[in-house]
Amino acid sequence: MSSTAPRALLGAASVAVALAAADTYVVVLALTDMMRGVGVGIDSLQRATPIVSGFLLGYVAVLPLVGRVADVVDRRRVLLACLAVFVVGSVVTALATELPVLVTGRVVQGAGGGGLVPATLALVADLWPPGRRGIPLGVVGAVQELGSVLGPVLGAAVLAVADWRAIFWFGAAAGVVLAGAVVVTGGGVPQRPRVIPTVLAMLAAVVGWLALAAPEALVTSVSLGVPFVPFGDASSRLATPVGVVALVLLVAALGAWLRGRWSAVRRVDLLGAALVGGALGCVVLTFAAARPEQEVVGPLGYALLPVAALLALAYLVHHRRAVAPLVPRGLVRGRLVRALVVSLLVGVALVAVVVDVPLMARVVLSGDETEAAFVLVRFLLAVPVGALAGGWALRRLGPGVVAGAGLGLTALGLGVMSTWGATSLSGWTATPVLALTGLGIGLALAPVNDAALAESSEDTHGAASSLVVVARMVGMVVGLALLTAIGLHRYYGAVAALPDPTDADALRAAAVVQVTSVFRGAALAALAGAAVALTLGRRPSHPDGADRGASEVLRRA
């Protein structure tokens with residue numbers, strides 16, 4: 001690919017990554033309003049869980065597929081496609097009046113947002129040669145974490161002047177603007193759109209909007225309202241003639257787009273993507289739907305985990321037989337394996353702080369969620385700072401040194417947190433400990449991606465990047481479950497030993513024991529990650545290394 005402004009193109013892609021990350025948590029303050037908007041009462045809070053976990057499901061499940069697609073077609077086309085999917089999901093969510101449609105919109109949003117990450121990381125490998133990728137990779141890691149911090153703030157700002165639907169209309173508008181920025185900074189449209197698929201997609205969008213919005217002027221019209229009448233006893237707006245037409249047009253648009261592209265589709269390995277995505281989806285739903293302070297496995301976990309194991313086994317069989325498997329043969333080897341291990345352990349350490357620091361704050365402070373969120377901000381703001389610092393340090397130090405030092409700091413911070421008591425968060429000393437821990441995690445982000453890209457070839461950068469992100473997400477969901485199991489075991493043991501089970505102070509102390517047990521386990525994970533990270537390389541990659549194609553791209557740009 002060619003670009004007239006690599007930094008501007010990376011900037012547009014990075015802002016898109018931040019937008020997707022923000023959308024993960026943008027619903028935190030709007031959740032109750034969203035429930036009322038789709039007819040779900042506050043007394044049925046458990047039914048709202050898919051609103052959050054659905055986004056995470058879409059985000060994780062598409063990562064391997066999009067990573068592979070980014071190796072087959074132009075990265076800019078992948079970015080534009082992901083932004084288009086994100087915009088569609090945002091619009092569907094904004095128009096939803098029923099829970100299934102709302103959850104579907106969130107899943108589609110997550111699929112578009114998740115695909116942006118490996119495509120952007122692969123874009124860095126295209127535009128910068130080895131030895132010069134540190135700061136760009138640090139930027140991507142920083143904006144991703146910064147987006148997570150700004151998500152609730154963005155949601156609160158929109159809710160202050162409008163309703164919850166405006167949050168998603170804003171996301172859709174931002175997605176359109178960012179797509180235009182990618183086109184402009186990337187040197188124009190990568191490929192002229194084909195007429196028939198484009199027309200069918202536009203018709204599907206218009207008819208789909210009519211079905212979901214159900215304008216009152218049309219619905220109540222004697223002559224024009226028939227297409228909006230649901231079939232039989234159905235109440236869904238999609239179970240109408242206009243809804244069916246929208247779905248048919250969507251399928252037709254996809255079929256027309258795929259026509260003539262079967263050679264590229266075969267290289268992508270859709271069957272392998274379905275198997276891996278299904279396995280990852282089962283894992284996410286198993287643990288993401290659980291309430292960490294009460295249970296380890298979600299309501300459907302014991303049914304979903306065997307399905308995940310069967311799908312993973314089926315992929316391994318398919319991988320050996322496929323002509324072009326989803327994960328290219330020979331990719332997962334050497335430093336990439338170690339980078340995946342480090343990424344997984346980073347996810348374990350990260351989720352322990354993100355979940356259990358607010359939990360501890362609610363237990364030992366006022367119990368107010370807003371105050372607990374402000375406690376966590378001390379950690380979250382340090383992560384993007386560490387990500388930028390880690391990218392800058394890669395210019396002079398190897399990824400192993402930077403990531404190892406970062407995870408060493410994280411282990412130190414978590415070790416101190418494991419000694420906290422009921423009054424620890426009330427003092428000033430908690431702030432430097434949380435900041436040190438966040439800084440350490442941020443330092444490890446860019447080096448892990450750098451090592452993975454350096455170990456993979458130019459035509460597998462997308463797949464390698466997606467595997468790194470998948471490893472971190474799996475580390476987050478599975479690590480939280482395992483650490484919570486340890487914490488709950490200690491909590492119930494402490495409660496059983498109480499002479500008075502109704503003593504509020506004693507129960508609070510037992511809850512602190514649970515949280516500090518999680519911190520202790522996360523500290524060990526970070527320490528193990530630091531040890532593995534040291535094997536990623538002690539010297540920075542040389543800009544004149546194997547990836548000469550990227551150097552040529554940079555020279556032309």
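**View 1. Ala214 lies in the loop between helices α9 and α10 (216-219).** Helices in these legends are DSSP runs of H or I with at least four residues, and strands are runs of E with at least two, numbered from the N terminus. The phi angle of Ala214 is near 45°, a positive value in a residue other than glycine. Ala214 is buried, its relative accessible area being 18%; buried denotes under 20%, exposed over 50%, and partly exposed the range in between, for a 1.4 Å probe and protein chains only. The model is predicted: local features need pLDDT of at least 70 and side-chain atom pairs count only at pLDDT 80 or more, whereas totals for chains, interfaces and linings use all residues. Residues are numbered from 1 along each chain as its sequence is written, and side-chain values use heavy atoms, with hydrogens and water left out.

**View 2. Asp269 occupies the loop between α12 (262-268) and α13 (270-288).** Although Asp269 is not a glycine, its phi is positive, at about 65°. Asp269 is buried, with a relative accessible area of 6%.

**View 3. The chain as a whole contains 22 helices and 0 strands.** Of its 557 residues, 52% count as buried. Contacts are heavy atoms within 4.5 Å. Among contacts between residues at least 6 apart in sequence, 81% join residues at least 24 apart.

**View 4. Helix α11 (residues 241-258) presents a buried face.** The 18 residues of α11 should span 26 Å at 1.5 Å a residue, and the end C-alpha atoms are 26 Å apart, which agrees; the expected span is 1.5 Å times one less than the number of residues. Val242, Gly243, Ala246, Leu249, Ala253 and Ala256 of α11 are buried. Seen down the helix axis, these buried residues fall within an arc of 150°, so they line one face of α11; the arc is that of the directions from the helix axis to the C-beta atoms. The face turned away from the buried side carries the exposed residues Val248, Val251 and Leu254. Helix α9 (195-213) is included in what covers the buried residues of α11.

**View 5. Helix α18 comprises residues 399-417.** Its 19 residues reach 27 Å from the first C-alpha to the last, close to the 27 Å expected at 1.5 Å a residue. Among the buried residues of α18 are Pro399, Val402, Leu407, Thr410, Leu414 and Met417. The cover over the buried residues of α18 includes α15, α17 (382-393), α19 and α21.

**View 6. Ala528 is placed in helix α21 (residues 504-533).** Ala528 is partly exposed, with a relative accessible area of 36%. Ala528 and Val341 are 187 residues apart in sequence and 9.5 Å apart in space, C-alpha to C-alpha.

**View 7. The largest cavity has a volume of about 150 Å³.** The structure holds 4 cavities of 30 Å³ or more. A cavity is a set of points, on a 1 Å grid over the protein atoms alone, where a 1.4 Å probe fits but cannot get out, and lining residues have an atom within 4 Å of a point. Grid points are joined across faces, edges and corners, and the volume is the space filled by probe spheres set on the points. The largest cavity is lined by 15 residues, of which Gln144, Leu445, Asn449, Val468 and Arg472 lie nearest its centre. Elements giving two or more residues to this lining are α6 (99-127), α7 (134-159), α15 (334-364), α19 (430-455) and α20 (461-496). By class, the lining has 9 nonpolar, 4 polar and 2 charged residues; Ala, Val, Leu, Ile, Met, Phe, Trp, Tyr, Cys and Pro count as nonpolar, Asp, Glu, Lys and Arg as charged, and the others, Gly among them, as polar.

Definitions and conventions: 1 Å grid on protein atoms, 1.4 Å probe; cavity = no way out; pocket = protein on both sides within 12 Å on 5 of 7 lines; lining within 4 Å.
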